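I set down here what I looked up, beginning with a pocket and ending with a helix pair.

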Amino acid sequence: MLRRTLLKGLAASAVLPACPWLDLAARAATLPSLRRVRPGDPAWPNAASWQSLKDSVGGNLLPVQAPFAICAADMEAAACQDAVGNIKNPFYLGDQAGGTQVSGWLDAWMPQPSVYAVRARHAADMAAAITFARRNNLRLVVKGTGHSYLGTSNAPDSLLLWTRGMNDVTLHDAFVPAGSKLAPVPAVTAGAGCVWIDLYHAVTTVAGRYVQGGGCTDVGVAGLVQGGGFGSLSKGFGTAAASLLEAEVVTADGAIRTVNHAQEPDLFWALKGGGGGTFAAVTKLTLRTHDLPRWFGFVSGTIKAANDDAFRRLLARFVAFYARDLFNPHWGEQAKIGADNTLALSMLCQGLEQDAPQKIWQPFFDWVRGSSDYTIAEPLRARGFEARHMWNIAGNPAMIPDKRPGAPGWHGWWEGDQGQVGAFLHGYDSLWLSQSLLRAAAQPKLVEALFAASRFKEVQLHFNKGIAGASADAMSTTRDTATNPQVCEAFVLVIIADGEGPVYPGLGRTFDQAAAHKDADAIAHASAALRKIAPDAGSYVAESNYFIANWKDAYWGDNYARLRAIKDRYDPDGLFFAHHGVGSEDWSADGFVRMVGGKG
């Protein structure tokens with residue numbers, strides 16, 4: 001498999017010298033099965049070695065404890081009470097070395113802390129940690145905020161490279177990538193530990209510009225960019241990865257590199273959607289910023305149909321309305337199709353006049369109100385607002401502030417995201433749907449599939465996570481990323497997921513296994529109903545099924561061969577490992593045992 005993959009990579013990109021597979025294939029044939037060391041193994045570093053690493057990183061080597069481990073010993077302890085009191089605060093979870101945004105996934109993973117963490121302050125600390133892990137054959141985990149549904153930012157018996165403290169933000173009026181002849185553009189540089197509210201505050205609230213980032217304010221900037229990255233307004237500005245101008249990284253050899261379109265462009269391209277923690281450890285990124293529209297707008301409300309036939313008519317009306325009036329660069333965010341025959345709206349727009357949302361949606365609202373088959377379960381609203389206030393916590397009642405002493409005054413999260421903080425996932429799936437399904441002749445097939453899927457589970461339509469219908473600039477820059485090219489033909493990413501509240505180890509909380517598996521089965525049936533009209537649909541790597549079998553094709557499509565060749569060039573020994581990351585097919589599921597020749 002390794003040789004076949006490399007040959008495909010050569011056909012896709014000239015990133016390797018002539019016939020490099022000869023050397024790599026020969027090496028693979030003689031390489032013994034590599035087993036990373038664990039505590040208790042004879043080769044595990046001794047105390048003096050760990051002390052040497054600690055000295056080299058300015059004392060910033062610390063043992064890692066699970067955030068709620070203290071509760072297992074004493075639920076009444078002050079430290080336990082403080083932790084439990086912050087269990088629904090995503091910034092608190094991200095501020096713990098062993099913290100994870102979600103508390104696990106049924107039959108997939110549970111939070112398990114590393115043995116030690118290097119709390120990196122700069123690139124030199126990261127290089128020291130990477131070099132130590134390579135020389136001592138350790139399992140390395142790279143983490144900024146821990147906002148990974150797939151659990152890629154934690155692993156037992158590992159060394160954690162933790163970048164949370166690297167959170168400087170710098171604005172540029174005229175940025176030119178190193179070695180480049182491009183015209184200067186406005187930009188922002190973010191440390192690897194920054195979360196998106198840090199950038200929204202600096203770029204939009206303070207400076208009055210826009211940067212394309214994630215919807216969840218506590219998501220890490222570096223992780224989102226490397227995963228591709230969608231925000232509410234991706235159809236207007238492209239993906240987060242598409243905005244990347246330059247990155248500073250540390251590769252597996254411990255070298256600190258500045259990469260962009262002019263310097264090591266292959267690695268630069270891989271960082272734009274090729275998957276986090278896979279090719280290198282990012283120390284900082286520089287992203288293009290955009291002119292901020294004066295107005296954003298929102299639409300909200302929930303409509304309930306009296307019966308199944310009425311619900312089908314509602315879905316048909318909505319799909320036709322979307323195709324005619326909303327399938328353009330202005331609109332993003334989502335609609336939810338419920339098993340209880342409800343359509344919940346939570347849409348956002350940019351670049352329109354203040355009164356445009358009401359004017360555009362009024363005919364649809366009038367149609368709903370004009371029929372006795374529909375009840376307005378939550379008020380239907382549409383209005384514009386000053387874009388600069390979008391992430392201003394002081395003036396936005398939809399945001400929850402982080403009230404911990406010492407927390408940055410601009411840190412807060414959306415009230416609508418509260419349910420996913422600490423969640424234990426029963427199941428999760430996503431798939432892109434082609435814009436061809438919006439054609440008039442195909443709409444009945446789309447409507448019937450959405451209805452059928454919703455009989456099993458709520459179906460979420462994330463319109464901003466498909467780039468079809470986007471602006472020309474957003475389309476062209478997104479095409480120049482490593483994300484599955486399907487994203488540019490898809491008008492929506494469908495997400496079907498569910499779970500329950502926090503079950504972190506140490507809390508003593510259990511869950512109903514049978515009920516959780518029944519829920520997971522319902523998610524699988526809903527997904528299957530939609531795959532009948534999209535059998536070859538790809539999936540978004542950051543929001544996808546942990547158990548997906550065809551992950552290479554689903555996440556990256558034809559880009560995988562090129563990504564694999566880049567991985568083999570910059571990380572031939574597989575130091576950087578992530579579940580279903582590029583090159584992970586060569587390793588056991590936990591990343592500790594190398595399977596010579598690959599598993600797939």
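How much space lies in the second largest pocket? I found about 410 Å³ there, a volume being the space filled by probe spheres set on grid points joined across faces, edges and corners. A pocket, on a 1 Å grid over the protein atoms alone with a 1.4 Å probe, is an open set of points with protein on both sides within 12 Å along at least five of seven lines, and lining residues have an atom within 4 Å of a point.

I note that the model is predicted: local features need pLDDT of at least 70 and side-chain atom pairs pLDDT 80 or more, while totals for chains, interfaces and linings use all residues. Residues are numbered from 1 along each chain as its sequence is written, and side-chain values use heavy atoms, without hydrogens and water.

I next looked up the lining of this pocket, which has 19 residues; Leu 182, Leu 244, Leu 245, His 261 and Asp 480 lie nearest the centre. Strand S9 (244-250), helix H11 (265-271) and helix H15 (472-479) each supply at least two lining residues, and H11 gives the largest share, three. Helices (H or I, at least four residues) and strands (E, at least two) are DSSP runs numbered from the N terminus.

I then turned to helices H12 (308-326) and H14 (443-454), whose axes come within 9 Å and cross at roughly 130°. Axes are lines fitted to C-alpha atoms, for helices over the stretch in contact, with angles from 0 to 180 degrees between N-to-C directions.
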